[in-house]
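Please look over the sequence and the model first.

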Protein chains: 2
Amino acid sequence: MTDCLFCRIAERGIPAKILYEDELSLAFEDVNPQAPTHVLVIPRKHIPTALDIREEDKGLIGHLYIVASKIAREKGIAQPGFRLVMNCNRDAGQAVYHIHLHVLGGRRMHWPPG
Amino acid sequence: MTDCLFCRIAERGIPAKILYEDELSLAFEDVNPQAPTHVLVIPRKHIPTALDIREEDKGLIGHLYIVASKIAREKGIAQPGFRLVMNCNRDAGQAVYHIHLHVLGGRRMHWPPG
């Protein structure tokens with residue numbers, strides 16, 4: 001069994017508030033939300049960091065964006081706006097080494113982005 | 001002539017500190033940097049917001065990530081880490097309505113991301 005938290009969520013081995021899933025990806029609520037809406041969109045494929053994205057994964061990364069937009073529309077944050085964030089490695093605060101796109105909205109987001 | 005600032009940069013009609021370009025994308029320094037490294041990666045194709053990304057653009061979005069990783073390696077921020085941010089609409093502070101991926105690093109990034 002994998003010890004990757006997000007692989008285990010994808011396999012339904014660990015519970016999460018899943019909002020969407022398809023054959024390539026899933027989206028679930030962040031357990032420590034930083035905004036009224038804070039959802040993570042992940043690929044089912046285990047890619048540890050943004051640096052590990054290969055040519056053959058390019059369509060998959062775009063797919064995460066399409067899913068993020070779908071979630072934003074469903075949550076009612078598309079028009080006011082939302083921020084998409086992917087952290088890579090320690091200085092960015094990457095907490096789980098399986099890439100995930102943070103979708104944050106429902107409040108005014110500040111600048112700089114952390 | 002387009003009145004989109006980033007289309008004009010891509011056409012070399014407005015100057016920018018361009019770090020990388022290829023047939024699909026370019027990367028240049030943010031004029032108001034929020035970290036020691038702050039680069040924008042944009043597609044040449046005019047896509048106003050993340051909500052306007054279509055199925056046929058999925059590979060292009062992944063390409064922006066590959067370019068961002070390349071920039072991070074060249075700037076020496078890959079291993080300490082970097083944050084990738086895309087703002088969509090007003091609440092996120094989107095300033096130019098041509099999608100752009102912010103690549104920020106060279107310092108510890110904070111949480112929440114703005």
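## Basis of the model

This is a predicted model: local features need pLDDT of at least 70, side-chain atom pairs count only at pLDDT 80 or more, and totals for chains, interfaces and linings use all residues. Residues are numbered from 1 along each chain as its sequence is written, chains are lettered from A and ligands numbered from 1 in the order in which they are written, and side-chain values use heavy atoms, with hydrogens and water left out.

## The interface

Chain A gives 42 residues to the contact, and chain B gives 42 residues. Contact here means heavy atoms within 4.5 Å. The area buried between chain A and chain B is about 4,100 Å². Carbon and sulfur atoms give 56% of that area. A:L51, A:Y65 and A:D91 supply 17% of the area that chain A buries against chain B, more than any other three residues. Buried area is the accessible area (1.4 Å probe) that two parts lose on being put together, summed over both.

How many salt bridges are there between chain A and chain B? The count is zero. Polar contacts are found, however: 27 residue pairs across the interface, both residues at pLDDT 80 or more. A polar contact is a pair of N or O atoms within 3.5 Å; within protein, one must be able to donate a hydrogen and the other to accept it, and residues adjacent in sequence count only if both atoms are side-chain atoms.

## Elements at the contact

On the side of chain A that touches chain B, the elements giving two or more residues are α2 (58-75), β4 (82-88) and β5 (101-105). The largest share, nine residues, comes from α2(A). Helices (H or I, at least four residues) and strands (E, at least two) are DSSP runs, numbered from the N terminus.

β4(A) pairs with strand β4 (residues 82-88) of chain B in the antiparallel sense, over seven bridges. Strands pair if DSSP finds at least two bridges between them. In this pairing, A:R83 stands opposite B:N87.

## Local features

The structure holds 16 salt bridges over all chains. A salt bridge is a side-chain nitrogen of Lys or Arg within 4 Å of a carboxyl oxygen of Asp or Glu. One of them joins A:R44 and A:E21, with the closest N and O atoms 2.8 Å apart. A:R44 lies in the loop between β3 (37-43) and α2 of chain A and A:E21 in strand β1 (residues 18-21), so the pair ties together parts that are 23 residues apart in sequence.

The peptide bond from A:W111 to A:P112 is cis, with omega near 10 degrees. A:P112 lies in the segment after β5 of chain A. A:N89 is not a glycine, yet has a positive phi of about 70 degrees. A:N89 sits in the loop between β4 and β5 of chain A.
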